[in-house]
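Hello,

Here is the structure I promised you. Please open it and keep it on screen while you read my notes below.

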Amino acid sequence: MLFPIKINSLKYYKNFSKNEFFSEENSYNYIIPFLLKKIKILNFFKTSSQHRHLQTQNYIINNLNLKDKIILDCGVSDASSSIYLINKKLNILKHYYLTDNFINIKFKISKKSILLFYNNEPILYFNKYLLIFIADIKNFFLKSIIKYKINYNFDNYKKFYDYVFWYKIEKKFSNNKNITFLKYDIFTPWKHNNVDIIIIGNVLNKSYFSDKKIIESLKNLNKNLNNNGYLIIIDNIGKSDQENSSIFKKYGNYYSHCVDIKNGTRIKKLIYKTFKIYPKNFIS
Ligand SMILES: C[S@@+](CC[C@H](N)C(=O)[O-])C[C@H]1O[C@@H](n2cnc3c(N)ncnc32)[C@H](O)[C@@H]1O
């Protein structure tokens, strides 16, 4: 149980006077993006960061024909790891779908603290000194007491603010029709155009899903992918967040294994179990 955590260095705090810090604007711009790195929703970490997929993205940029292609990026969290590719190539792509299944985040603010909700259930409390992962507290009574105490502080602040999950990036690309922000669950049918590239980073993880569920999602994603399209699976591993990924190309009912970055994805065996695979570089 991650409870409580002391905030050692909240760099943004220093730039504001006490009364300014917990404001709606600062929540959108600084506090929630900061908290997103820490939170877990229904057991899924929202962790993401710029450049954690750099080698894979450079491989995509330098080796795949991206002209008029459609990319489906799954489980992007706040999209910070996707932004590099988007900035470089959105102008030549036909479309980029940024998706995640858990986006329904709201918050309440008081003068000294902020409370985050997922589906109206409080999940995290934050003030200058403490982060309390309410969602992680297993003991029912302890959780009820903490929820009561915390809510008490927010009595005068009944208003919920919708957290626009992709606030910054949506603002940046608000006039660009080539990018769409969507709630999408990788286990459900995809209702939009079939796509040419599927990127799925740090979602198909054995600590999140059983092998059976991973195979189910691979089969499901395969239905969304055009022939000659690419399936790209990325795992960032360990304290150094080292990037490991595998890129596969679809040929009818087969996939060809194009390349591994570092050791490749940890679910490679499951991919081989799910699809018929040509040997590495069998087809160029
Ligand atoms: C660790 S983050 C990965 C963020 C980003 N792709 C990266 O690699 O930096 C995992 C994300 O997967 C999302 N996720 C979990 N289950 C999902 C599902 N069934 N469908 C789509 N996204 C899901 C979570 O909401 C979370 O944002």
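**The sheet and what surrounds it**

Start with the open sheet, which has 8 strands and mixed pairing. Read across, the order is S11-S5-S4-S12-S13-S14-S15-S16. Strand S11 (179-183) and strand S16 (276-278) are the edges, each pairing on one side only. On average, neighbouring strands of this sheet are turned by 25 degrees against each other, direction ignored. Bear in mind that this is a predicted model.

Strand S15 (residues 254-261) pairs with S16 in the parallel sense, over 3 bridges. Which residue in S16 is the bridge partner of Ser 256? It is Tyr 278.

Helix H3 (residues 54-63) lies across S13, strand S14 (242-251) and S15. H3 runs at about 35 degrees to S14. Helix H7 (residues 211-224) lies across strand S4 (70-74), strand S12 (195-201) and S13. H7 runs at about 140 degrees to S13.

Then the core. The largest nonpolar core has 59 residues. Leu 116, Ile 198, Leu 231 and Ile 232 have the most contacts inside it. Which strand gives the most to this core? Strand S13 (residues 225-237) does, with 6 residues. The core also draws at least three residues from each of domain 1 (2-36 + 104-163) and domain 2 (50-103 + 166-278).

Last, zoom in on Leu 116. Leaving out residues up to four places away in sequence, Leu 116 touches Leu 35, Ile 39, Ile 105, Phe 107, Ile 123 and Leu 124.

Best wishes

Conventions
Residues are numbered from 1 along each chain as its sequence is written. This is a predicted model: local features need pLDDT of at least 70, side-chain atom pairs count only at pLDDT 80 or more; totals for chains, interfaces and linings use all residues. A nonpolar core is a set of buried Ala, Val, Leu, Ile, Met, Phe, Trp, Tyr and Cys residues joined through C-beta atoms within 7 Å. A residue is buried if 20 or more other C-beta atoms lie within 10 Å of its own, exposed if 12 or fewer, and partly exposed in between; C-beta atoms are placed from the backbone. Helices (H or I, at least four residues) and strands (E, at least two) are DSSP runs, numbered from the N terminus. Domain bounds come from an automatic or database domain assignment. Two residues are in contact if their C-beta atoms, placed from the backbone, lie within 7 Å. Two strands pair if DSSP finds at least two bridges between them. Axes are lines fitted to C-alpha atoms, for helices over the stretch in contact, and angles run from 0 to 180 degrees between N-to-C directions.
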